[in-house]
Amino acid sequence: MLRRKRGIVFFLFIVTGAIVGGLVGDILQTTQFFGESTKFLVQKYEVFTVPPSTLDFYVMKITAGFDFRPNLVSILGMMIALFIFDRI
């Protein structure tokens with residue numbers, strides 16, 4: 001049971017690190033803090049894509065898909081989250 005909770009917490013740490021890193025990347029892109037090298041840091045790399053799939057129930061439609069395109073700053077955020085998780 002404890003191992004399962006630790007896995008959930010690990011997943012949440014990684015996702016939070018990716019989100020925070022992505023937000024920092026968007027802020028860097030807006031402010032152009034590092035000048036021309038900012039483009040390299042915020043360029044998104046397509047890792048994998050699950051195309052959207054639609055279920056039509058005639059009363060409502062449900063569409064779901066998944067797209068994972070991190071930038072270097074979000075990868076750095078995941079690495080920092082992993083480091084913090086390891087220290088806890």
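The side chains of K39 and E36 meet in a salt bridge, with N and O 3.5 Å apart. A salt bridge here is a side-chain nitrogen of Lys or Arg within 4 Å of a carboxyl oxygen of Asp or Glu. The structure holds 2 salt bridges. This is a predicted model: local features need pLDDT of at least 70, side-chain atom pairs count only at pLDDT 80 or more, and totals for chains, interfaces and linings use all residues. Residues are numbered from 1 along each chain as its sequence is written, and side-chain values use heavy atoms, with hydrogens and water left out.

**Salt bridges**

- Side chains of opposite charge can pair when their charged atoms come close.
- K39 and E36 are both exposed. Exposed means over 50% relative accessible area, buried means under 20%, and partly exposed is in between (1.4 Å probe, protein chains only).
- D67 and R69 form a salt bridge too, and their closest N and O atoms are 3.1 Å apart.
- D67 has 41% relative accessibility, so it counts as partly exposed.
- R69 is partly exposed as well, because its relative accessibility is 43%.

- Helix α1 covers residues 2-31, and T16 lies in it. Helices (H or I, at least four residues) and strands (E, at least two) are DSSP runs, numbered from the N terminus.
- T16 counts as partly exposed because its relative accessibility is 45%.
- T16 and G35 are 19 residues apart along the chain, and their C-alpha atoms are separated by 27 Å.
- V15 also has its place in helix α1. At 32% relative accessibility, V15 is partly exposed.

- T38 sits in helix α2, which spans residues 38-42.
- T38 is buried, because its relative accessibility is 1%.
- Leaving aside neighbours within four places in sequence, T38 is in contact with L28, Q29, Q32 and F33. Contact means heavy atoms within 4.5 Å.
- T38 and G25 are 13 residues apart in sequence, and 8.6 Å separates them from C-alpha to C-alpha.
- F34 is placed in the loop between α1 and α2. It counts as partly exposed at 44% relative accessibility.
- F34 touches L28 and L41, not counting residues up to four places away in sequence.

**Helix α3**

- Helix α3 runs over residues 72-87 and holds S74.
- The relative accessibility of S74 is 4%, so S74 counts as buried.
- S74 touches G17, A18, G21 and G22, with residues up to four places away in sequence not counted.
- L76 is also in helix α3. Its relative accessible area is 47%, which means L76 is partly exposed.
- L76 and F11 lie 65 residues apart along the chain, and 16 Å separates their C-alpha atoms.

**The largest pocket**

- The largest pocket has a volume of about 330 Å³.
- The lining of the largest pocket has 16 residues, and A18, I19, F68, P70 and S74 are the closest to its centre.
- The elements that give two or more residues to this lining are α1, β2 (61-68) and α3. The largest share, 7 residues, comes from α1.
- On a 1 Å grid over the protein atoms alone, a pocket is an open set of points where a 1.4 Å probe fits, with protein on both sides within 12 Å along at least five of seven lines; lining residues have an atom within 4 Å of a point.
- Grid points are joined across faces, edges and corners, and a volume is the space filled by probe spheres set on the points.

**Backbone at Y58**

- Most residues other than glycine have a negative phi.
- Y58 is not a glycine, yet it has a positive phi of about 65 degrees.
- Y58 has its place in the loop between β1 (48-56) and β2.
- Y58 counts as exposed because its relative accessibility is 78%.
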